[in-house]
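Please keep the sequence and the model in view while reading.

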Amino acid sequence: RDLHSFPTRRSSDLLQLAREASRTSTSPLEEPPSPRALYKAACSAASRGDYGSAALLLFAATVALLERRGDVRAPRTATVGDIRRDLRARNVKLVAVFDAVAAPFVRRAYAERGIDEREWQEARDAFDGLLPRNHEAFEA
């Protein structure tokens, strides 16, 4: 799987699903990467100095972790704002953490601005705050 393209593929997945649905043969849908796999890929990108990709992957890891824990429902068509609203309704305490991870994602994905090491570290620190002592939702 290409973990580096996962965060930016969400909106294009609809087009791909529509194309696949129009085919006569079907195949099982690909299971999305785990929060742990996405987090590892984010850290790997950051270790290479690719903080923009790291921010995209960390956001994907965050959404995957929040979904797995039941803190949000994030269909493929959900925007950052949709996810934030759902999180606010379900667990308002996590909105600040989400915002800290989402900010560099938005700067990189939508504004196409670079992310520096400080911004990456702040987002990663926020993500680390999501992890409970027993990392069950993260480890699976």
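**Overall make-up**

The model is predicted. Its secondary structure consists of 7 helices and 0 strands, so that, counted by the DSSP runs used here, the order from the N terminus reads α-α-α-α-α-α-α. The protein has 140 residues, of which 39% are buried.

**The nonpolar core**

Which residues have the most contacts inside the largest nonpolar core? They are Leu58, Phe59, Ile83, Phe98 and Phe127, and the core as a whole has 39 residues. At least two core residues come from each of the helices α2 (35-47), α3 (51-69), α4 (80-90), α5 (95-109) and α6 (117-128). The largest share belongs to α3, which supplies 13 residues.

Leaving aside residues up to four places away in sequence, Ile83 touches Phe59, Val63, Val72, Ala74, Ala78 and Phe98. Two of these partners, Phe59 and Phe98, are also named among the residues with the most contacts inside the core.

**How the helices pack**

Two packed helices are described by the angle between their axes and the distance between the axes.

| Helix pair | Angle between axes | Distance between axes |
|---|---|---|
| α2 and α3 | roughly 165° | within 8 Å |
| α4 and α5 | about 175° | 11 Å |
| α3 and α6 | roughly 15° | within 10 Å |

The axes of α2 and α3 cross at roughly 165°. Because an angle over 145 degrees counts as roughly antiparallel, α2 is roughly antiparallel to α3. The crossing of α2 past α3 is left-handed. On the α2 side, the contact is made by Pro35, Leu38, Tyr39, Ala41, Ala42, Ala45 and Ala46. Their counterparts in α3 are Tyr51, Ser53, Ala54, Leu57, Leu58, Ala60, Ala61, Ala64, Leu65 and Arg68. Sorted by class, this contact holds 15 nonpolar, 1 polar and 1 charged residues.

For α4 and α5, the angle is about 175°. This value makes α4 roughly antiparallel to α5. Val80, Ile83, Arg84, Leu87 and Arg88 of α4 meet Val95, Phe98, Asp99, Ala102, Phe105 and Val106 of α5. The residues of this contact comprise 8 nonpolar, no polar and 3 charged.

Are α3 and α6 roughly parallel or roughly antiparallel? Their axes cross at roughly 15°. Since an angle under 35 degrees counts as roughly parallel, α3 is roughly parallel to α6. The crossing of this pair is left-handed. From α3, the residues Tyr51, Ala54, Ala55, Leu58, Ala61, Thr62 and Leu65 take part, and they meet Glu117, Trp120, Ala123, Arg124 and Phe127 of α6. By class there are 9 nonpolar, 1 polar and 2 charged residues in the contact of α3 with α6.

**Individual residues**

Ala74 lies in the loop between α3 and α4. Its relative accessible area is 8%, and because this is under 20%, Ala74 is buried. The C-alpha atoms of Ala74 and Asp86 are separated by 8.4 Å, although the two residues are 12 residues apart along the chain.

Helix α4 contains both Asp82 and Ala89. Asp82 is partly exposed, with a relative accessible area of 32%, whereas Ala89 counts as exposed at 68%. Val72 provides a reference point for both. The C-alpha atoms of Asp82 and Val72, 10 residues apart along the chain, are separated by 9.7 Å. For Ala89 and Val72, 17 residues apart along the chain, the C-alpha separation is 8.9 Å.

Most residues other than glycine have a negative phi. Glu112 is not a glycine, yet Glu112 has a positive phi of about 55°. Glu112 is found in the loop between α5 and α6. With a relative accessible area of 66%, Glu112 is exposed.

Notes. Residues are numbered from 1 along each chain as its sequence is written. This is a predicted model: local features need pLDDT of at least 70, side-chain atom pairs count only at pLDDT 80 or more; totals for chains, interfaces and linings use all residues. Side-chain values use heavy atoms; hydrogens and water are left out. A nonpolar core is a set of buried Ala, Val, Leu, Ile, Met, Phe, Trp, Tyr and Cys residues joined through side-chain atoms within 4.5 Å. Buried means under 20% relative accessible area, exposed over 50%, partly exposed in between (1.4 Å probe, protein chains only). Helices (H or I, at least four residues) and strands (E, at least two) are DSSP runs, numbered from the N terminus. Contact means heavy atoms within 4.5 Å. Axes are lines fitted to C-alpha atoms, for helices over the stretch in contact, and angles run from 0 to 180 degrees between N-to-C directions. Angles under 35 degrees count as roughly parallel, over 145 as roughly antiparallel, 65 to 115 as roughly perpendicular and the rest as oblique. A crossing is left-handed if the near helix is turned anticlockwise from the far one by less than a right angle, and right-handed if clockwise. Ala, Val, Leu, Ile, Met, Phe, Trp, Tyr, Cys and Pro count as nonpolar, Asp, Glu, Lys and Arg as charged, and the others, Gly among them, as polar.
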